[in-house]
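Here is a quick walk through a two-chain model, written for someone who would rather look than read tables of numbers. Have a glance at the picture, then follow along.

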Amino acid sequence: MNIMVFDPFTATILLTSAMALLASIVYILVLSIRRARVTQIGEEMYIGGESEDILSLKVPSILALYWGIIRRSWKEAFDILRDVIHSGILNEWYGYMSIWLSFLLLLSIIAIAIYMYIR
Amino acid sequence: MDLTLMLISIFVFPGLIFIASLALFSEWFFRKLAARMQNRMGPSYTGPIGVLQPFADLIKLLIAKEVKKQRYSATAIAEIGLIISLSSIIVSLLLLPISPIRLTAPYDIVIFIYFYAVWHVIGLLIAVLAYPNPFTVAGLSRLIAITVVVEPTIFAALLIPTILTSNMGCTPPYSIICASTYSWKLWLESPLSFIAMALGLVSMLIASQAKLGLKPFDIPEAEQELIAGHITEYSGSLLALYNLSHDIKLAFTAIIITYIFLGGPYPYRHLSIAGLALLILKYIVSLTVLTIIRASFGRLRIDQGLNIIMKYGLVPSILGLIVVIIKMFLL
């Protein structure tokens, strides 16, 4: 029995190349055995017991996926906003609306300032 | 380096031909024992007491059955993936003392894991994704979920004998050769190392069961829910390759348990009668334990399965590592 001590890097390279050699030989063997017998019969995919011809939508459309994700991710934020603002008290509604409008006003002032002085 | 011996090791012993025959024998043993436990006959007609049945199945799938193509499939890529997963396991046999040419390096436990955990899984993923199908994708996602828990468990469990043997002064440090040559001594060395080895063995058994996809953990290919899970679309030579790769993984796992946890033929030599008998006995015992676990449980749900692997696999292996560290630094 001969024990061969390498450094880890060389051993990895050696074993990986041995794996590549073995894989290519096995691949050639398998190719030589099976190539003639590949069939296309029944090539359609069956999803939930139906073939693709019946179920035209294999995956949801991109737009539906987009809105699904947006709704799911923003649902919580929307719920918070709704619960906070729609409390049914007129005074609170007035408060939030003035905060919102003053925020918009602030934004427009900043935009005007940027437009007039910085540009 | 002797090139001829190297090629013989890769292709004949313990490489392709030997491990494939051992794998087919192991499958027969496994099927027969499980069948007898469940009051069935098991393979009976091909060869003496059905011992050639797995071989006949393999030949039939390879030669007689045809490969079905599907609109989205890539047969060549599936074959390449399966062959990668198969050959990565065969190559890691060269690190074990069963090989006539023994490649070793300091820290080669990492190289071993690189082949057994990384290349094997990557090959399997490539192969499965080459035949897309809703069932396949569902099976694959379960397979990945299990792999994420199983691979750290196996790594931690294999580290236990490796660290203990290099702590005994064996060179090259942290190598598979050291772990498998001296692991039998660890059971007798001290109570702490006995506890660590026992924890490692238990977690290795449970993790191997999950890695092999055997009964309590055959969740990726749960046939009542997912038809055949990640192998739903396979047929003919592809199915033959998958089955062969699975059997080789079974045989290899039993070999790992035999060598790294039970100590292989040691203290006898490989080529003595006592050594060979001990080696075969340990191999059969580890295969039997795997079979008994497989035949006595029903399938778990994916979350139950992951829970069980974590509780009885990951936690014992980490506890074992902690015991090893206590032994290293306190004693």
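## Chain B from end to end

Going along the sequence, chain B runs α-α-α-β-α-β-α-α-α-α-α-α-α-α. That comes to 12 helices and 2 strands. Keep in mind that this is a predicted model.

How compact is chain B for its length? Its radius of gyration is 20 Å, close to the 20 Å that the globule rule gives for 331 residues, so chain B is as compact as a globular protein of that length. Along the principal axes, its C-alpha atoms fill a box of roughly 60 × 45 × 40 Å. As for burial, 52% of the 331 residues count as buried. If you take the contacts in chain B between residues at least 6 apart in sequence, 79% of them join residues at least 24 apart.

## The core and helix H10

The largest nonpolar core has 107 residues, and the members touching the most others are Leu15(A), Leu22(A), Leu86(B), Ile90(B), Val91(B), Ile248(B) and Ile255(B). Which element gives this core its largest share? That is helix H10 of chain B (residues 236-261), with 17 residues.

Leaving aside residues up to four places away in sequence, Ile255(B) touches Leu96(B), Ile98(B) and Tyr283(B).

Now for how H10(B) packs against H11(B). Two packed helices are described by the angle between their axes and the distance between the axes. Here the axes of H10(B) and H11(B) come within 9 Å and cross at roughly 125°. On the H10(B) side, the contact is made by Ala254(B), Ile255(B), Ile257(B) and Thr258(B). H11(B) answers with Leu279(B), Lys282(B), Tyr283(B), Ser286(B), Leu287(B) and Leu290(B).

A few loop residues of chain B deserve a look at their backbone angles.

| Site | Feature | Angle |
|---|---|---|
| Thr171(B) to Pro172(B) | cis peptide bond | omega near -10° |
| Tyr266(B) to Pro267(B) | cis peptide bond | omega near 10° |
| Asn39(B) | positive phi, not glycine | phi near 60° |
| Tyr174(B) | positive phi, not glycine | phi near 50° |

Where do these sit? Pro172(B) is in the loop between helix H6 (134-167) and helix H7 (176-189) of chain B, and Tyr174(B) is also found in the loop between H6 and H7. Pro267(B) lies in the loop that links H10 to helix H11 (273-296). For Asn39(B), look in the loop between helix H2 (16-37) and helix H3 (53-64) of chain B.

## Where chain A meets chain B

Finally, the interface. On the chain A side, 31 residues are in contact with 42 residues of chain B. Strand E1 (2-5), helix H1 (8-34) and strand E2 (38-39) of chain A each supply at least two residues of the side that touches chain B. H1(A) gives the most to that side, with 15 residues. Chain A also turns up in the core, where Leu15(A) and Leu22(A) are among the residues that touch the most other members.

Key
Residues numbered from 1 in each chain as written. Chains lettered and ligands numbered in written order. Predicted model: local features only at pLDDT ≥ 70, side-chain atom pairs only at ≥ 80, totals over all residues. Helix = DSSP H or I, 4+ residues; strand = E, 2+ residues; numbered from the N terminus. Rg over C-alpha atoms; globule rule 2.2 N^0.38 Å. Buried ≥ 20, exposed ≤ 12 C-beta atoms within 10 Å, placed from the backbone. Contact = placed C-beta atoms within 7 Å. Core = buried A, V, L, I, M, F, W, Y, C linked by C-beta atoms within 7 Å. Axes fitted to C-alpha atoms, helices over the stretch in contact; angles between N-to-C directions.
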